[in-house]
Amino acid sequence: MKECEIFSSLKVPCGSHIIIRIDGRKFSKLSNDLKFEKPYDEQFKDIMIETCNDFFKEFSPSFIYTFSDEINILLSEIPFAGRIEKLDSVFASFITGSFSKNIIKLNKSITKPISFDSRVIPLSKEGVITYFKERQDEAWRNCSNGYAYWTLRREFKKKEAMKILDKQKSSAIHDLLFERGINLAELPSWQRRGIGIYKKEVEIEGYNPIKKEKVQSIRKKIFVDDDLPIFDTPFFDNIIKIN
Ligand SMILES: Nc1nc2c(ncn2[C@@H]2O[C@H](COP(=O)(O)OP(=O)(O)OP(=O)(O)O)[C@@H](O)[C@H]2O)c(=O)[nH]1
Ligand SMILES: [Mg+2]
């Protein structure tokens, strides 16, 4: 029956950069069931970061970008000989296992198994930059729409709030929130721009026992950036260093 495993030889194209996007399945329901704060919950954010950290330690990607229930992973090396079935299944299950392990710490009762979906996206270098810019735009839309919706829900029923927001321009959403005491521009950066995880050079202080003196050295450490800039080419050239 081996010949029926027709997708097993499907591989990522040679020479392309690979992004994997992993997204929580039915997380609207999960967030409701677990009574996460709306639109943003600090504990949920911390679990997503911990999950990204677990992934980083295991697979050493170049960059992870996360917001809401999605995790975007830019690979540095492509494991499993680039086999799509392996990349999708192992990564989605690793993230699911890690998230489930981490969420247990919240002592909330989870009644159903959690799952994430996964897709593989091959891109050129320019494509990678455009991709992350688009995801960051989505994070921003998510942020302004989320605040607008949940702020209106204090005054209106679900349908009415949705009707008010239907086809509203971003300036109108800004004004609507400003009138209600929320300045979108002053919200925490992680909510507006998402969170990046990447390796950063840090100075480490050590001790030379022969010379009996303190020594400084440079190490690369996993860094969680919750104050990201707006993505642009220099960010990817200087910080992520895509070749
Ligand atoms: N309360 C709360 N909910 C959140 C938070 N972050 C993400 N979510 C929920 O996660 C959902 C993510 O959006 P989607 O991925 O489109 O929705 P989904 O229900 O996961 O649907 P599928 O991915 O299609 O299975 C949001 O709509 C929110 O309901 C948070 O910080 N607080
Ligand atoms: Mg989802």
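Mentor: Let us begin with a term. Helices and strands are DSSP runs, numbered from the N terminus. Please also bear in mind that this is a predicted model.

Trainee: Which element gives the largest share of the shell around ligand 1?

Mentor: The largest share, three residues, comes from α1. Both α1 (27-33) and β1 (17-24) supply at least two residues of that shell.

Trainee: How many residues surround ligand 1, and which are the closest?

Mentor: Ligand 1 is surrounded by 15 residues, with F27, S28, S31, F36 and D41 the closest.

Trainee: Which residues of the largest nonpolar core touch the most other members?

Mentor: That core has 39 residues, and those touching the most other members are I20, I22, I64, I73 and I95. Several elements each supply at least two residues of this core, including β1, α2 (42-59), α3 (84-103) and β5. The largest share, eight residues, comes from α4.

Trainee: How does one read the pairing of strands, and in which sense do β5 and β6 pair?

Mentor: Two strands pair if DSSP finds at least two bridges between them. Here strand β5 (residues 195-208) and β6 pair in the antiparallel sense, over 13 bridges. One of the bridge partners can be named: R219 in β6 is the partner of V202. The two strands form a hairpin with four residues between them, and K212 in the turn has a positive phi of about 55°.

Trainee: What is the count of buried residues in β6?

Mentor: The count is zero among its 13 residues, and β6 is hardly covered.

Trainee: Let us take I218 as a case. Where does I218 lie, and why does it count as exposed?

Mentor: I218 lies in strand β6 (residues 213-225). I218 counts as exposed because it has 8 C-beta neighbours inside 10 Å. Leaving aside neighbours within four places in sequence, I218 is in contact with E201 and E203.

Trainee: How far apart are I218 and E50?

Mentor: I218 and E50 are 168 residues apart in sequence and, from C-alpha to C-alpha, 24 Å apart in space.

Key: Residues are numbered from 1 along each chain as its sequence is written. Chains are lettered from A and ligands numbered from 1 in the order in which they are written. This is a predicted model: local features need pLDDT of at least 70, side-chain atom pairs count only at pLDDT 80 or more; totals for chains, interfaces and linings use all residues. A residue is buried if 20 or more other C-beta atoms lie within 10 Å of its own, exposed if 12 or fewer, and partly exposed in between; C-beta atoms are placed from the backbone. Two residues are in contact if their C-beta atoms, placed from the backbone, lie within 7 Å. A residue is near a molecule or strand if its C-beta atom, placed from the backbone, lies within 6 Å of it. A nonpolar core is a set of buried Ala, Val, Leu, Ile, Met, Phe, Trp, Tyr and Cys residues joined through C-beta atoms within 7 Å.
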